[in-house]
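Open the model in your viewer and keep the selection panel at hand. The stops below are given in the order to select them.

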Amino acid sequence: MIDRLEKEVDMLERHLQVLKMVIGNEPIGIVKMSNETGYPHHKVRYSLRVLEEEDLIEPSSQGAITTEQTDEFVSDLDGKVDEIISKLEAMKIDEVAEVEN
């Protein structure tokens with residue numbers, strides 16, 4: 001049950017790392033991103049596809065570039081992550097509850 005969540009978080013981390021690279025180095029290509037992150041080309045390509053589907057990046061002849069939606073997404077990201085962290089914190093089963101059962 002938790003394994004799936006861990007895999008999703010790892011994938012999200014990769015997508016966000018790729019997005020950060022695009023933001024900081026646009027335009028940037030798959031090979032450079034793969035070399036700098038250590039992720040295989042196919043994983044970088046998948047992350048780029050996901051980011052493109054979310055309209056956060058777009059392809060150009062020189063490599064991936066950001067879109068008009070990127071800044072708003074980045075501005076909202078920390079708040080959304082904090083909300084998720086709060087939900088996860090609330091899901092914890094503390095030692096007291098374990099002893100009582």
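Select Asp 55: this residue is partly exposed, with a relative accessible area of 35% (buried is under 20%, exposed over 50%, partly exposed in between; 1.4 Å probe, protein chains only). Asp 55 sits in the loop between α3 and β1 (57-60), where helices (H or I, at least four residues) and strands (E, at least two) are DSSP runs numbered from the N terminus. Its phi is near 60°, a positive value in a residue other than glycine.

The model is predicted: local features need pLDDT of at least 70 and side-chain atom pairs count only at pLDDT 80 or more, while totals for chains, interfaces and linings use all residues. Residues are numbered from 1 along each chain as its sequence is written, and side-chain values use heavy atoms, leaving out hydrogens and water.

Next, select Glu 26 and Pro 27, which are joined by a cis peptide bond with omega about -10°. Pro 27 belongs to the loop between α1 and α2 (30-37).

Now show α1 (residues 2-25) with α3 (residues 41-53): their axes come within 9 Å and cross at roughly 80°. Axes are lines fitted to C-alpha atoms, for helices over the stretch in contact, with angles from 0 to 180 degrees between N-to-C directions. The two helices are therefore roughly perpendicular (65 to 115 degrees).

Finish with Val 22, one of the residues with the most contacts inside the largest nonpolar core, which has 13 residues. Such a core is a set of buried Ala, Val, Leu, Ile, Met, Phe, Trp, Tyr and Cys residues joined through side-chain atoms within 4.5 Å. The largest share of this core, 4 residues, comes from α1.

Technical notes
Angles under 35 degrees count as roughly parallel, over 145 as roughly antiparallel, 65 to 115 as roughly perpendicular and the rest as oblique.
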